[in-house]
Amino acid sequence: MEKEKEFYERLNAKGVSRRDFMKYCTFLTATMGLSSSFVPRVAEVFAAPKQRPSVVWLHLGECTGCSEALLRSMYPWIDELVLEILSVDYHETIMTASGHQAEENLHNAVKKNEGKFICVVEGSIPVKFPGYGRVAGKDFIDIAKEVVPKAAATISIGTCATFGGIPAAEPNPGGYKGVAEALGMEGKIVNISGCPPNPINLVGTIVNYLLLGKLPALDDKGRPLFAFGKTIHDSCPRRSHFENDEFVEVFGSEEAALGYCLYKVGCRGPETYNNCAVAKFNDGTSWPVEAGHPCIGCSEPSFWDTMTPFYEEL
């Protein structure tokens, strides 16, 4: 109880009421596909966690955009997530250590928590020319082979880590692949795709693991069904305009101002599985289609090759 009281006091100091926090927990619970009866238990994961699992976050062939998206998340803030819920023992972007000390942290975290830590991988892996990506003199593929099999669970975050992303676009001279494919571990790694993915899908996956002791149900591409079970088109607020043949054909037109469907200017919503329309970005503020930009299908495999040229109807 004392720990829970301190948690709410910290929230209050940041200008967030207990009511606002419970609204977030309700939203997160619904996003995870759980009934409302789980809301108090989800809140407890944040307010009074029973455990602080070790997290080893690897950066491979990526732009760090997925980490940047997470760093801008709220309820919980990144400091609450790192310091109170998780024990992030290795993350190249946010940790103070560097050089030999950073490598020592990675080695110690894996050795100490083998079989118990959560591994989050950001970025794809070059398999044709492994030397295209290295950290501390080790190729990305060797780092992944050394760390991933020793984790209790592995989450690939972002389309680069899940499906190869932009680095794997044609002609792909480095032979970049998603982590599961590069390691031959399809079906054993959770894929949270998106460029970048919504942080709530990572938080929801981790909370599911802490709350229920297992990872969420996955689709045939290894993605959590609670986030990737429906297409953008299924939940799009512009869907009625699609059904009524009301389309934007030119950006800046009257139809665009009226919020008509963006399919004819290249929206890939019908071919893209994600919960963007429901979860939105920047803590539920907005998302591309709401802002007037068509979906580009960034959470799908090979989107840079199969969804282009953008702004043209498929």
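**View 1. Thr231 in a loop between two helices.** In this predicted model, Thr231 is a buried residue, since its relative accessible area of 7% falls under the 20% limit for that label. Thr231 belongs to the loop that runs between helix H11 (225-228) and helix H12 (232-235). When neighbours within four places in sequence are set aside, the residues in contact with Thr231 are Gly269, Pro270, Thr272, Tyr273 and Asn274.

**View 2. The buried face of helix H7.** Helix H7 covers residues 140-147, and Phe140, Ile141, Ile143, Ala144 and Val147 are buried in this helix. If one looks down the axis of H7, the buried residues fall within an arc of 160°, and therefore they line one face of the helix.

**View 3. A salt bridge between Asp139 and Arg134.** The side chains of Asp139 and Arg134 come together in a salt bridge, with a distance of 2.6 Å from N to O. The two partners can be told apart by their accessibility: Asp139 counts as buried, because its relative accessibility is 13% and the limit for buried is under 20%, whereas Arg134 counts as exposed, because its relative accessibility is 53% and the limit for exposed is over 50%.

View 4. Arg18 is part of helix H2 (residues 18-31) and Glu4 is part of helix H1 (residues 2-13), so that the pair, with its members 14 residues apart, links distant parts of the chain. Glu4 has a relative accessibility of 22% and therefore counts as partly exposed.

**View 5. A salt bridge between Lys177 and Glu181.** The side chains of Lys177 and Glu181 meet in a salt bridge, for which the distance from N to O is 4.0 Å. Lys177 is partly exposed, with a relative accessible area of 30%, and Glu181 likewise counts as partly exposed, at a relative accessibility of 44%.

**View 6. A network of salt bridges.** In this view, Asp219, Arg223 and Glu300 are linked to one another in a network of salt bridges. For the predicted model, the count of salt bridges comes to 9.

Conventions. Residues are numbered from 1 along each chain as its sequence is written. This is a predicted model: local features need pLDDT of at least 70, side-chain atom pairs count only at pLDDT 80 or more; totals for chains, interfaces and linings use all residues. Side-chain values use heavy atoms; hydrogens and water are left out. Helices (H or I, at least four residues) and strands (E, at least two) are DSSP runs, numbered from the N terminus. Buried means under 20% relative accessible area, exposed over 50%, partly exposed in between (1.4 Å probe, protein chains only). The arc is that of the directions from the helix axis to the C-beta atoms. Contact means heavy atoms within 4.5 Å.
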